[in-house]
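Please examine the sequence and the structure together before reading on.

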Amino acid sequence: MRPLPRPTSARRPVPRPAGARYIARVRFLGVDVGRVRIGLALADDILRVARPLRAVARRDVAATLADIAGTAREYEVERVVVGLPLNMDGSEGPSARHARAFAGKLEVALGVPAVLFDERLSTFEAETRLRDQGFSAKDRRSRVDAEAAAVILQGWLDGGGA
């Protein structure tokens, strides 16, 4: 009697072809800088779909940056996209200057490049999306910042970002 062939085991490593390389996913963090909260969204270079992550309550600058930096480390973010709230005529007002300054601070705190992206009407679009999904006014208020960050990040990705 011949012995039965040895069954393949899931524990045995599968040999890799010579020259095979691991391609790391590049993660992007979208940021909607608000006066009370800062919305965060996440996307990667493979799926290229932005999804709302969470909102960060504004505190002192150091604590806020540390909170965002912790999230960036957790998700291994390699680039930050910050919404630039331009006026409807394309000019920069106080909010745009604030976002530009905050982007510079984020770049230093996170150690990754930060890019600015025109965010005109992103909050309006975020509120519309949430309303269309059936969220109540109360629930929309708590989610709109992260959703706006997703709108900003998706716009950047669709516009050829990365």
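Helix α1 comprises residues 61-74, and its 14 residues reach 20 Å from the first C-alpha to the last, close to the 20 Å expected at 1.5 Å a residue. The expected span is 1.5 Å times one less than the number of residues. Helices (H or I, at least four residues) and strands (E, at least two) are DSSP runs, numbered from the N terminus.

This is a predicted model, in which local features need pLDDT of at least 70 and side-chain atom pairs count only at pLDDT 80 or more, while totals for chains, interfaces and linings use all residues. Residues are numbered from 1 along each chain as its sequence is written, and side-chain values use heavy atoms, leaving out hydrogens and water.

- T64, L65, I68, A69, T71 and A72 are the buried residues of α1 (buried means under 20% relative accessible area, exposed over 50%, partly exposed in between, with a 1.4 Å probe and protein chains only).
- These residues lie on the same side of α1 because they cover an arc of only 160° around the axis, the arc being that of the directions from the helix axis to the C-beta atoms.
- The face turned away from the buried side carries the exposed residues A62, R73 and E74.

**Surroundings of α1**

- The cover over the buried residues of α1 includes β1 (27-33), β2 (37-44), β3 (51-57), β4 (77-84) and α2.
- E76, which follows α1, has a positive phi, near 50°.

**Residue E107**

- E107 lies in helix α2, residues 94-110, and is partly exposed, with a relative accessible area of 35%.
- Leaving aside neighbours within four places in sequence, E107 is in contact (heavy atoms within 4.5 Å) with V112, P113 and A114.
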